[in-house]
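Today I will go through the salt bridges in one model. Please have the sequence and the structure open.

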Amino acid sequence: MLRHISDEGSGDAQTQLATEILSGGGPDLFLIDPFNMIYNLQSTVSKGAFQNLDYYFNKYPMDWGQYNSSIMEYGIYQGKRYLIPYMYEPEIYISTVETLEKYGIPQDVNIVHDRLSELLPYQKKAEQGGENLFNLPPAIEYRFNDFIDYEHKTHSYDSEEFKQTAEIYKAFSSKKSDGKNCIFKNMLGMGRPEYITNLQEIINTEDPVIILGGKQTNSGNYLSTPESSLAINANSPNGERAFKFIQWVLSETTQADQFKVNFTPVHKQALQTRIQAATPLGSQAQEGIAQYQELLNNDFDIQTYLDMKFYEEILYPLWKNYRDDKITVEEFSKQLSDKTDIYLQEL
């Protein structure tokens, strides 16, 4: 039996599911989406709720060279693989040559999360023209996750570095956006070959499109989030059959099917097949497609939301209060630090 961890809802329903797993029940196989994870997933994994997939991969060897190596690093907890990703989405932003020239922004500009302060002058200039730099500000989760270590149960949310980081993200979040008047459009939910290869038609422009990847640091690696992963219940008597399903999902044939794998496939040849099939005729889009392929050929820093309990019950409510000027950055840091201490002790 397969259960999709996406439509379970939050709070009570997901907590009940986690309890069911830990008490010996639950389905054979889990399909897990990043934004709808099991509440307290860190605790669920650490308590042995999922099978170690290394057992199956050792028994049924696969050619890891066929897959995006940096994406496939996701799902390893304390040296053992409990989840296997099968599609992902890079953090992609688009703009046009004309728009960048209008605001004096170089075409080789980088969107680096720990250097966002360098983009603040462009944000201020955009506001003067009634626009925003971003339609969706860079996700706070990508940067705020750097300040917590789940495995070692430590954090630095009380540090000056975190406070400065919070102030920078707030500067990009304070002005409401209608999603239209912006310099960089975040392609959240659209970072798949069938969209990216046809961007000029989607945004209705004859102007050359610039495709940029978000970065965590200036290391050169782009940011990406696994869009779906699979895990086998530790209680399942059908582990072999469940793993056969994982093998099917990872196969080139399945990965090349956009209706079975909705986002960017982890199989490299399947990705190229998807790009070629989606590429429109003519030369107008070729430069943008080349930028997209160059981005995908780089290594990725894997960003994940391993615990929605922490995000939804602790981090986001406090962030919203700070973003909306209900608390100061000092209060935000102090409250987040205190609640994270308690959360980590309960893992």
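**Salt bridges and their exposure**

I start with E330, which is partly exposed, at a relative accessible area of 44%. By partly exposed I mean between buried, under 20% relative accessible area, and exposed, over 50%, with a 1.4 Å probe and protein chains only. This is a predicted model, where local features need pLDDT of at least 70, side-chain atom pairs count only at pLDDT 80 or more, and totals for chains, interfaces and linings use all residues. Residues are numbered from 1 along each chain as its sequence is written, and side-chain values use heavy atoms, with hydrogens and water left out.

E330 forms a salt bridge with K163, N to O at 2.9 Å. A salt bridge here is a side-chain nitrogen of Lys or Arg within 4 Å of a carboxyl oxygen of Asp or Glu. The two residues are 167 apart and link distant parts of the chain: K163 sits in helix α7, residues 160-173, and E330 in helix α15, residues 329-346. Helices are DSSP runs of H or I, at least four residues, numbered from the N terminus. K163 is buried, at 12%.

Next, which residue does D325 pair with? Its side chain meets that of K170 in a salt bridge at 2.4 Å, N to O. This pair also links distant parts of the chain, 155 residues apart, with D325 in the loop between α14 (308-323) and α15, and K170 in helix α7. D325 is exposed, at 59%, while K170 is buried, at 15%.

Last, K260 and D257 form a salt bridge at 3.8 Å, N to O. Both are partly exposed: K260 at 46%, D257 at 23%.

The search of the whole structure finds twelve salt bridges.
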